[in-house]
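Biologist: I would like a close look at one part of this model, with the criteria spelled out.

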Amino acid sequence: VEGEIRNSLSDLFTDILFEFAKLDTPLIGACLQTLSHLVPNLESKRTKFWYSLDALIFKGASLSSMSSSYRIAFTSALTNFSEVVGFLQLFGRLLSIETKEIGSDFMSFGKLAFPMKLGQGYRKAGIWPYFDYIFHEVFVHSNHLADASKATAIQLPILNIIEQALFSFDYRFIINSIPAQANFDKLVSTEDFFTYVQESPAPAVFNYLFTEKVYKCIFDIASIGVDNLAIDLGRGAEQLELITMAVKIICLVLEFQDPYVEEFASLLTKNRKSNYFMPKDFGLHGLRSFYDAVIFNLPMIAHLGLYVGLENYLLASNSLQILKMLSDRYTGDKSFTVKNKLLTIFDSVDESARIKDAFISQLERPIENMKSLVLKLEIMDFINENLSFTDHAPTVAHLLLGFQVSNVLSTGPNLATFISSGTSLLDSLTAILQSSLGSVDGDHILYAPMRLASKSMEIVLKVCRNPSTSRIMLDHFAT
């Protein structure tokens, strides 16, 4: 139901349904799900829903300064599976972003999707208790559900809630406005900028995502793997959607985390307000950044490499973006980079050949639309950025191209995915270069062939001119 009809139905039935939800009936879950379909599109029209839901959960509950008392309020109000699912759907819809910055998925800076100081008067204010319950009482236990369909019914709405929360704060605005010395207090709907950060869902969600139990649950979903997708044909589409969302969340956290790590975590810790709900263990939870959590999960990183070969553009592209961010990330002293760490991981895991084959398959897949072209160009960019004209150190790009990486680089044994076999990623790139140049003449200069030729040519030039691979490449191309 959309538009005016939804608004009319919402006006008619919202109060009645929330009153019904207070009764001891097995239909509470269905009632909450029905309410989720009546939530108005505009955030400013959702105030009644927020106040009614908050009263349903907390009014009459015995609350204390302990976070556990708030969780008990939720578990007392939501007593079975259908009620939890209904609540997640309603909360996710209430949190959804409709008022966005132009050309982005971010919520308009300074706005909130819910009333300020929600719950003030009968509990500590803010939206944080909702996330505390969702992560601690629901999400971290979802992997223990014996029924995989039930687990998905819990996990998918929570991943969507996480995504909406991450986009509720436009981090770009902070980065772009600091040089201009903008007065943030005048740009937000709350009394000042700090209160806006305190109210915003983004810092709350980052806090829980940095806890081991939570990020491990996301990593477990992201590690379902291509083999299980192939086996579980009955739930393949459902599983694929779940993996895609988990990988997207990991990608977004790595991309958006800097303001939280560098500013918000310490800002909120030092200036926390006693009238707002905030867990005592708020912070980074022992991580320097989210990279620390990701890079040591070797099986998941291997799965990301395999996902690059899938036809699903969003999953393949986000997996590649995570690998790119890992390869660009420096840790420890200047002599050590995660670029080398990624090489070590891909070279040591059992799926090393399959990962190389995934990259080959994606490059050799026919170009059916703009997304498939963009993905090929992204793969080439990833390879190109991990190569150098002068640096002698091997990187993950050499491994993926088909070099055997040991004490010295070589074309490897006559096995599939190695250069010596003639079925390597380097061979795929040279074939693309030849076919792309063959498609260009004086009368027809098409975008796709030119872009593919340019990217593949740069890769070939780098391996031919770099001192550590030039002789090998010249001998290889000569034969």
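Biologist: Is the crossing of α18 and α19 left-handed or right-handed?

Modeller: The crossing of α18 and α19 is left-handed, meaning that the near helix is turned anticlockwise from the far one by less than a right angle. This is a predicted model, in which local features need pLDDT of at least 70 and side-chain atom pairs count only at pLDDT 80 or more, while totals for chains, interfaces and linings use all residues. Residues are numbered from 1 along each chain as its sequence is written, and side-chain values use heavy atoms, with hydrogens and water left out.

Helix α18 covers residues 352–364 and helix α19 residues 370–385; helices are DSSP runs of H or I with at least four residues, numbered from the N terminus. Their axes come within 9 Å and cross at roughly 135°, which makes α18 oblique to α19. Axes are lines fitted to C-alpha atoms over the stretch in contact, with angles from 0 to 180 degrees between N-to-C directions. Oblique is what remains after under 35 degrees (roughly parallel), over 145 (roughly antiparallel) and 65 to 115 (roughly perpendicular).

On the α18 side, F359, Q362, L363 and E364 meet L375, K376, I379, M380 and F382 of α19, where contact means heavy atoms within 4.5 Å. The residues of this contact divide into six nonpolar, one polar and two charged. Here Ala, Val, Leu, Ile, Met, Phe, Trp, Tyr, Cys and Pro count as nonpolar, Asp, Glu, Lys and Arg as charged, and the others, Gly among them, as polar.

For charge pairing, a search of the whole structure finds 16 salt bridges, each a side-chain nitrogen of Lys or Arg within 4 Å of a carboxyl oxygen of Asp or Glu. One of them joins D15 and K48, with the closest N and O atoms 3.9 Å apart. D15 lies in helix α1 and K48 in helix α3, so this pair ties together parts that are 33 residues apart in sequence. D15 is partly exposed at 44% relative accessibility, as is K48 at 36%; buried means under 20% relative accessible area, exposed over 50%, and partly exposed in between (1.4 Å probe, protein chains only).

Another salt bridge joins E191 and K117 at 3.3 Å, N to O. That pair links loops 74 residues apart: E191 sits between α8 and α9, K117 between α5 and α6. E191 counts as exposed at 52%, whereas K117 is partly exposed at 28%. Together with K273, both residues belong to a network of salt bridges.

Key. Helix = DSSP H or I, 4+ residues; strand = E, 2+ residues; numbered from the N terminus.
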